[in-house]
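Please read this briefing alongside the sequence and the 3D structure.

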Amino acid sequence: MQNLTALDILGKLVSFPTVSRESNLALVDWVEDYLAAHDVRATRVYNDEGTKAALYASIGPEVEGGVVLSGHTDVVPVEGQPWETDPFTLTERDGRLYGRGTCDMKGFDAIALAAVPKARAANLKRPLQIALSYDEEVGCLGAPRMIADMGRTMPKAAVALIGEPSNWKVVNGHKGGIGIATQLRGHEVHSSIMHRGVNAVMEAARLIDWANRQNEAGRAGQPGPIDALFDPPWTTVHVGTIQGGTADNITARDCRFVMGFRCIPSETVADWRARYLDEIARVEAAMRAVNPEARIDTDIRFDVPGLVPEPHGDAEALARRLTGDNATHVVSYATEAGQFQAAGYSSVIVGPGNIAQAHQPNEWLAVSELEAGEAFTDRLIAHLAED
Ligand SMILES: [Zn+2]
């Protein structure tokens with residue numbers, strides 16, 4: 001445990017098959033032991049069932065103004081993917097480290113953990129905090145409770161660096177996202193007398209056509225300067241799957257789908273949710289006018305605030321200084337960065353690897369990205385040791 005490199009630690013982390021649906025506690029046990037071996041006490045924050053935990057720790061003085069290195073411990077599944085190596089055995093070939101999670105994002109977790117002994121040895125003036133979540137890949141579900149607990153038990157850090165794959169570029173914006181499971185209950189009759197029934201599939205079509213109209217309006221609109229950074233520069237409203245109906249000649253009793261929103265920074269997830277619920281109320285009222293038993297139920301599947309670019313933000317300034325990247329980048333996938341920012345941390349995404357390799361079969365991280373990570377944390381530790 002004493003002198004593990006980022007490569008050693010990555011090999012260990014990859015060996016735990018922490019697919020989001022599984023427990024991550026074996027990995028958390030290992031990380032806790034590793035930190036304890038360096039005299040660093042970690043705090044766990046469990047999920048409701050006690051089957052998964054986030055873990056955070058702080059190195060250095062207990063004062064405000066530190067820096068959080070944030071990663072997630074869970075990975076996406078490997079089933080059905082043509083892997084050429086064992087996805088849970090780190091395998092080095094031609095300068096690449098293959099394994100599930102190497103890129104997204106156990107590589108960054110390993111870099112952060114490998115920095116612990118150096119941070120301990122340095123005379124830090126402000127703390128280095130490490131925060132590792134669970135259930136990121138299923139809608140950033142685990143981080144909010146961890147972030148709230150950190151706020152209660154530790155002096156507040158000024159900056160959160162979220163190490164999602166960005167090839168060490170500084171990403172200062174991402175869209176917010178919300179998924180709203182929508183279940184329509186209609187009324188079954190023979191289709192020859194469909195005027196007496198409520199066809200859940202055809203009513204769902206009204207809601208989906210509402211989504212089409214929102215997308216058309218967004219496309220036709222003129223984006224503001226920050227929104228214009230995104231591709232596309234408008235909020236997208238999407239339905240990927242739908243189930244409903246039992247026969248061609250029966251008005252469908254049930255229909256369900258998930259309405260997914262990816263929101264530009266100038267618009268909020270909450271506003272879009274409210275607009276959608278208004279539309280649902282309108283459609284539901286028309287359904288009930290035919291049959292009072294008809295209804296539409298909704299359930300929030302995930303709800304992640306966007307990362308809004310901060311004018312002259314501390315996180316961006318620090319990340320630029322640590323990486324030398326002076327350009328501006330935004331991404332369209334949601335991360336925990338928006339959640340840290342919503343909790344009052346100046347936040348950016350900056351981490352090893354390319355998002356193109358994330359979630360793929362034969363996921364890999366370049367050895368050079370891991371080495372760049374060591375230089376990154378060395379500079380960060382030097383920064384935290386400055387007066
Ligand atoms: Zn990730």
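This is a predicted model: local features need pLDDT of at least 70, side-chain atom pairs count only at pLDDT 80 or more; totals for chains, interfaces and linings use all residues.

Residues are numbered from 1 along each chain as its sequence is written, and side-chain values use heavy atoms, with hydrogens and water left out. Helices (H or I, at least four residues) and strands (E, at least two) are DSSP runs, numbered from the N terminus.

**Helix α1 with helix α2**

- Helix α1 (residues 6-15) and helix α2 (residues 25-37) cross at roughly 155°, and their axes come within 9 Å; axes are lines fitted to C-alpha atoms, for helices over the stretch in contact, and angles run from 0 to 180 degrees between N-to-C directions.
- That angle makes α1 roughly antiparallel to α2; angles under 35 degrees count as roughly parallel, over 145 as roughly antiparallel, 65 to 115 as roughly perpendicular and the rest as oblique.
- The crossing of α1 and α2 is right-handed; the term applies if the near helix is turned clockwise from the far one by less than a right angle, and left-handed applies if anticlockwise.
- On the α1 side the contact (heavy atoms within 4.5 Å) is made by Ile9, Lys12 and Leu13, and on the α2 side by Leu27, Trp30, Val31 and Tyr34.
- By class, the contact of α1 with α2 has six nonpolar residues, one charged residue and no polar ones; Ala, Val, Leu, Ile, Met, Phe, Trp, Tyr, Cys and Pro count as nonpolar, Asp, Glu, Lys and Arg as charged, and the others, Gly among them, as polar.

**Helix α2 with helix α3**

- Helix α3 (residues 102-114) packs with α2 at an angle of about 20°, the axes being 11 Å apart.
- With that angle, α2 is roughly parallel to α3.
- The crossing of α2 and α3 is right-handed.
- Lys106, Leu113 and Ala114 in α3 meet Leu27, Val31, Tyr34 and Leu35 in α2.
- The contact of α2 with α3 has six nonpolar, no polar and one charged residues by class.

**Helix α8 with helix α10**

- The axes of helix α8 (residues 314-323) and helix α10 (residues 367-385) are 9 Å apart, and the helices pack at an angle of about 125°.
- That makes α8 oblique to α10.
- α8 passes α10 in a right-handed crossing.
- Leu318, Arg321, Leu322 and Thr323 of α8 make the contact with Phe376, Arg379, Leu380 and His383 of α10.
- Four nonpolar, two polar and two charged residues make up the contact of α8 with α10.

**Pockets**

- On a 1 Å grid over the protein atoms alone, a pocket is an open set of points where a 1.4 Å probe fits, with protein on both sides within 12 Å along at least five of seven lines, and lining residues have an atom within 4 Å of a point.
- The volume of the largest pocket is about 750 Å³, where a volume is the space filled by probe spheres set on the grid points, which are joined across faces, edges and corners.
- The largest pocket is lined by 27 residues, of which Glu137, Gly139, Arg262, Phe302 and Ala334 are the closest to its centre.
- β10 (236-244), β11 (254-263) and β12 (295-304) are the elements that give two or more residues to this lining.
- By class, the lining of the largest pocket has 12 nonpolar, nine polar and six charged residues.
- The second largest pocket has a volume of about 350 Å³.
- Of the 17 residues that line the second largest pocket, Arg41, Ala57, Ser58, Ile59 and Glu62 lie nearest its centre.
- At least two residues of the lining of the second largest pocket come from each of β2 (53-59) and α4 (116-121), and β2 gives the most, with four residues.
- The lining of the second largest pocket divides into eight nonpolar, five polar and four charged residues.

**Backbone geometry**

- Most residues other than glycine have a negative phi, and most peptide bonds are trans.
- The peptide bond from aspartate 104 to methionine 105 is cis, with omega near -15°, and methionine 105 lies in helix α3.
- A cis peptide bond with omega near -5° runs from aspartate 231 to proline 232; proline 232 is in the loop between α6 (200-220) and β10.
- Asparagine 167 is not a glycine, yet has a positive phi of about 55°; asparagine 167 is in the loop between β7 (159-162) and β8 (171-174).
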